Structure formats: C-alpha cells, structure tokens
Amino acid sequence: MPEINTSASGWLADISLFYEKRGSNTKLVHREQVGPLMVQRPFYPEIGIAHTYLLHPPGGVVGGDQLNINIHVAPKAHSLITTPGATKFYRSSGATSTQTQRLNVDDTGFLEWLPQENIFFPNCQAHLNTQVALHKNSHFIGWEMNCFGRPVLNETFEKGRVTGRTNIQVEGKLLLSESMYIDSINEIKHAAGMRDYPMLGNLYIYPASETLEDKLRTLINEYFHEQTGLFGNSDPICGITHIDGLLVIRYLGYQTEPMMACFSTLWQHTRQHWLGTLPEVPRIWAT
C-alpha cells in the first residue's frame, strides 16, 4: 500500500483491492484500507463477475483530503466497480484535495471501472490522478464524468481550480496521456476541450476493433439524433477516437443523466460485443 502523507490536513484514506478467479467466480481475496474508504462485500448478479460498491462515508471531499484507490485484477478475474453516488469536491479555503486511482489489469483480466460523476463546487481546489496499467490480453472499460459547478441549479464554477492527469498504458507503452486544468469559469469558456460546457466525460475502452468502433459510432449517432433539440441551443456533443487499440469517447453536456445514459448504453453494448450478453446494470444507479 502506498505511503500516506500524514502531515497534510483533512481525511487520509487509502484502499487496495485485489481480485482473483476462484472456481467459477471472481473473489475479492485481499483488501487493505485506511481511513474513510471502504467497500461492501461483492455480490454476483452475473455469474463469475464480482460487483463491488466503493463507499466514501463522509459524503464529500474537502480541502486537504487525500483519497488513494488501488485496484488489481488478476488473470481471468472479472470485476465491476462503481460508486453509490457522485463524489462531491466542496469549496476550500486554499488546501488542495487529491484523488489518486491506480488500476492494474493482468493478462486475461477484466475490469469495468464505472464510478458516478465528480461534482466540483465553486471555490474547490482539487487534483485528480488516474493511472491505468493493462496487459495486451486484458479487457478494460472505464469512465470519468466531471461536472464543474451545479448547472441544474444555475450555479457556475466562477472560482476554483481543478487539475488532473489520466495515463493509460498497455504493457508499459503509453497509449494516452491527458491533462486537465480548469481555473474558474473563464477557463471553461476558453479551454480547448470544454467549449463552454460545464460537464466533460471520457469513456475508455480496450481492446478496440473496427467492428466495435463501427457499432459504437452507430449507437452514438442514433442517441444524439434522438436528443437533438431537447436542450435548446445547448445540445450535448460527443465524439469517438481510436488510438492504437484504445477507444476514447468524449462527451460535453449540461446534465448528468443524459451523459450517464449515453455512457451506460455504450458500456452495455461493448460488453455484449465482448461476451455475447448484455450486462446486469448496477441497481444502485436507479436509487
């Protein structure tokens, strides 16, 4: 388990989860945790797949909090991990909160990393760091959904700073390295990737194929054709990119529910493409 900096103010939380194939099921065979990060016992709505809810009991992240999440999926194991609700980064008087996620998937391992959205309140100071390490024969689908302010309440991210880095490697080769730097509403208006939208989502899928890419492009086109005009002049936009076997799908919008619905549809059809059946949607998403 990584060393925790005990000199910082705020909550110090670290959790490490190791999944292994045992018989016909994937089991959580090793767990270490420090501070307010925990998981419920995995359950099995689908044969062989461990569904796990990652919990943060304080309900929000404040300045100085440090959250470290470490996931390791062994060969032939299959884990689906989600959260029961949004992660809220509250306003800070100056201290920066950090959330670091290290996701490792071994040869023939399968990880579905499907947390609900991050909400960054005005005046928050936050840094996100996600490191994904894959084997060439592993499967991974994961997303990150970031909401700056609370647009449904007409609350804008007028002040604050959010930075981040997402790296995805396959057998040590860096396929994708993305950075995020948002400093007040002016950055949202002018940032190259935001186009004045308050919500940004990225969906990552590995391994890609032309057949899967074509299928997802068709689904995206159908979904956005149905959505056109529902949001006035603020219709969401979405695009897909293929990078050396990795599919990256980016979404810009104003509301969480349409983004979640889009990503969930793409996730379900990706799983069906890989395994032949649609997945069981986590019930916690409906609460």
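This report covers the aromatic ring pairs of a predicted model.

## Ground rules

Residues are numbered from 1 along each chain as its sequence is written, and side-chain values use heavy atoms, with hydrogens and water left out. In this predicted model, local features need pLDDT of at least 70 and side-chain atom pairs count only at pLDDT 80 or more, while totals for chains, interfaces and linings use all residues.

## Aromatic pairs

Rings of Phe, Tyr and Trp (its six-membered ring) pair if their centres lie within 6.5 Å. Planes under 30 degrees apart count as stacked, over 60 as edge-to-face and the rest as tilted. The count comes to 13 aromatic pairs.

## Tyr90 and Phe121

The ring centres of Tyr90 and Phe121 are 4.9 Å apart. Their planes stand at 65°, so the pair is edge-to-face. Tyr90 lies in the loop between strand E8 (87-89) and strand E9 (97-105). Phe121 lies in the loop between strand E11 (118-120) and strand E12 (125-134). The pair therefore ties together parts that are 31 residues apart in sequence. Strands are DSSP runs of at least two E residues, and helices are runs of at least four H or I residues, numbered from the N terminus.

Tyr90 is partly exposed, at 31% relative accessibility. Phe121 is buried, at 9%. Buried means under 20% relative accessible area, exposed over 50%, partly exposed in between (1.4 Å probe, protein chains only).

## Phe110 and Trp274

Phe110 and Trp274 also form an edge-to-face pair, 5.6 Å centre to centre with 80° between the planes. Phe110 sits in strand E10 (residues 110-114) and Trp274 in helix H3 (residues 256-275), 164 residues apart. Phe110 is buried at 7% relative accessibility. Trp274 is buried at 17%.

## A cluster

Trp143, Tyr223, Phe224, Tyr251, Phe263, Trp267 and Trp285 form one aromatic cluster.
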